[in-house]
Amino acid sequence: VTNLKYRGRCEPVISRTLQFLNDLSVGYPFHCVQHNILFENNTVKINMSLLKKLVKIEAVKFMLQNHTSKHFPFLGISDNYSLGDLRCRTVFYTALTRLLMVDLGEDEDEFENFMLPLTVSFESLTHIFNSSFEQEEALARDLRGIAFALNTKTSYTMLFDWMYPAYIAVLQRAIELWYRDPACTTPVLKLMAEFMQNRSQRLNFDVSSPNGILLFREASKMICTYGNQILSLGTLSKDQVYPLKLKGISICYSALKSALCGNYVSFGVFKLYGDNHFDNVLQAFVKMLLSVSHSDLLVSNYSSWDQSYYPLLECLTQDHMSFITTLEPPILIYILTSISEGLTAVDTIVSSSCCASLDYVVTYLFKHLAKEGKKTLRCRDVSQDGQRLLHFMQQNPEVLQQV
């Protein structure tokens with residue numbers, strides 16, 4: 001704590017101190033867990049015992065109650081000084097939130113008190129949007145650290161209730177204003193991607209709660225806004241393609257994949273009630289995809305793109321083939337060609353996702369092809385969903401032959 005309070009201008013000290021704090025927040029025997037020395041149940045008990053002792057230390061209590069730039073200068077954002085690597089902020093808030101969770105339970109007042117510094121910052125941003133993006137970047141990194149550490153349904157719901165709707169609107173506005181600057185958009189998009197992660201079933205809201213749908217709608221808005229804005233940049237030089245476009249698109253794809261595979265949204269609800277957010281985000285996926293050439297799909301420097309696009313494609317082919325079948329032939333050729341190219345990738349995430357996607361597509365085709373031979377009215381009606389894809393394959397037999 002002394003390091004964090006008085007060595008704020010020495011980034012190596014701050015970085016290593018925060019990493020150590022982060023390790024402590026996980027629980028002291030973390031090195032033993034990695035080497036399978038302790039049995040799982042004993043590890044949990046020992047970790048919790050040590051964490052309960054840790055949060056009783058006065059220095060730790062001080063951090064939990066005073067995490068502001070007044071007490072910890074490295075949290076400040078000013079022209080005179082700020083951390084060059086703001087990722088340290090995410091580590092700091094992840095560790096703090098883990099420590100907060102030890103005794104938090106369902107105490108909403110304690111959570112509100114912990115969030116007070118961020119509340120003050122967001123309140124100022126809701127009234128003034130002409131400030132530099134550094135403050136928004138810092139807040140997004142802080143919140144991502146907090147969201148990463150909240151792995152229970154109760155604690156995540158507290159954060160959602162704190163964020164929605166006012167402060168999520170601030171993040172949406174930040175994407176609109178600063179879309180040209182990845183230093184701002186990347187932390188905001190990563191925050192949204194973290195929000196969409198249903199880790200430990202934390203997003204399984206009560207059946208009477210609309211929070212899952214509301215969260216998806218906000219993610220849809222942000223992805224669509226970013227996609228439309230980033231495509232307006234036009235042609236970019238080779239060295240600008242990844243930082244200004246591909247990196248942001250890959251984060252959007254990761255967020256969308258988490259939403260589609262999280263099992264906390266019933267997507268049929270959107271069509272049932274005439275809500276176009278689901279359709280809009282799928283169209284945004286297509287627009288962003290078509291802005292990327294095949295030569296960019298499997299470049300070693302762009303592994304984050306590969307590891308977001310292909311798992312998303314696997315989710316789409318698994319549960320949303322009705323959307324895939326509506327795509328125009330050039331788009332279908334683009335997608336199937338990318339699957340063919342991805343099958344030979346060294347990265348197992350890419351190659352296995354391509355194998356799964358191919359399996360879903362071929363299974364879908366086989367089922368509808370089998371129904372073609374049946375004469376009953378019911379089977380003919382059901383098979384109409386696959387008619388478009390069957391016709392496409394008949395017109396372009398070389399696509400699957402190449403695979």
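In which helix is Tyr93 found? Tyr93 is found in helix H6 of a predicted model that has 21 helices and zero strands. Helices (H or I, at least four residues) and strands (E, at least two) are DSSP runs, numbered from the N terminus. Residues are numbered from 1 along each chain as its sequence is written, and side-chain values use heavy atoms, with hydrogens and water left out. Because the model is predicted, local features need pLDDT of at least 70 and side-chain atom pairs count only at pLDDT 80 or more, while totals for chains, interfaces and linings use all residues.

**Overall make-up**

- Of the 403 residues in the protein, 47% are buried; buried means under 20% relative accessible area, exposed over 50%, and partly exposed in between (1.4 Å probe, protein chains only).
- Contacts (heavy atoms within 4.5 Å) between residues at least 6 apart in sequence join residues at least 24 apart in 72% of cases.
- The protein has an accessible surface of about 20,200 Å², and carbon and sulfur atoms account for 53% of that surface. Accessible areas come from the Shrake-Rupley method with a 1.4 Å probe; for residues, only the protein chains shown count as cover.

- Tyr93 counts as buried because its relative accessibility is 2%.
- Leaving out residues up to four places away in sequence, Tyr93 touches His67, Leu75, Phe114, Leu118, Asp142, Gly145 and Ile146.
- The C-alpha atoms of Tyr93 and Leu64 are separated by 9.8 Å, and the two residues are 29 residues apart along the chain.
- Gln172 is found in helix H10 (residues 166-178) and is buried, with a relative accessible area of 9%.
- With residues up to four places away in sequence not counted, Gln172 touches Glu218, Lys221 and Met222.

**Cysteines**

- The whole structure contains one disulfide, defined as a pair of cysteine sulfur atoms within 2.5 Å.
- This disulfide joins Cys261 to Cys315, with an S to S distance of 1.9 Å.
- The pair links distant parts of the chain, with Cys261 in helix H13 and Cys315 in helix H16, 54 residues apart.
- The torsion about the S-S bond of Cys261 and Cys315 is about -130°, so the disulfide is left-handed.
- Cys261 is partly exposed, with a relative accessible area of 31%, whereas Cys315 counts as buried at 3% relative accessibility.
- Cys88 is buried, with a relative accessible area of 9%, and Cys184 also counts as buried, at 0% relative accessibility.

**Largest pocket**

- The largest pocket holds about 440 Å³ of space.
- It is lined by 23 residues, and the closest to its centre are Arg144, Ala193, Glu194, Gln197 and Arg199.
- Two or more lining residues come from each of helix H6 (87-104), helix H8 (133-149), helix H11 (182-195), helix H13 (238-261) and helix H16 (303-319).
- H13 gives the most to the lining of the largest pocket, with five residues.
- The lining of the largest pocket has seven nonpolar, ten polar and six charged residues. Ala, Val, Leu, Ile, Met, Phe, Trp, Tyr, Cys and Pro count as nonpolar, Asp, Glu, Lys and Arg as charged, and the others, Gly among them, as polar.
- On a 1 Å grid over the protein atoms alone, a pocket is an open set of points with protein on both sides within 12 Å along at least five of seven lines, while a cavity is a set of points where a 1.4 Å probe fits but cannot get out; lining residues have an atom within 4 Å of a point.
- Grid points are joined across faces, edges and corners, and a volume is the space filled by probe spheres set on the points.

**Largest cavity**

- One cavity of 30 Å³ or more is found in the whole structure, and the volume of the largest cavity is about 60 Å³.
- Its lining consists of Thr317, Ile324, Leu332, Ile335, Leu336, Ile339, Val361, Leu389 and Met393.
- Helix H18 (329-342) and helix H20 (377-395) are the elements that give two or more residues to this lining, and H18 has the largest share, four residues.
- By class, the lining of the largest cavity has eight nonpolar residues, one polar and no charged.

**Backbone geometry**

- Most residues other than glycine have a negative phi, and most peptide bonds are trans.
- A cis peptide bond joins Tyr164 and Pro165, with omega about 5°; Pro165 lies in the loop between helix H9 (153-163) and H10.
- Ser200 has a positive phi, near 55°, and lies in the loop between H11 and helix H12 (211-231).
- Ser200 is exposed, with a relative accessible area of 54%.
- Gln201 has a positive phi, near 60°, and is placed in the loop between H11 and H12.
- Gln201 is partly exposed, with a relative accessible area of 45%.
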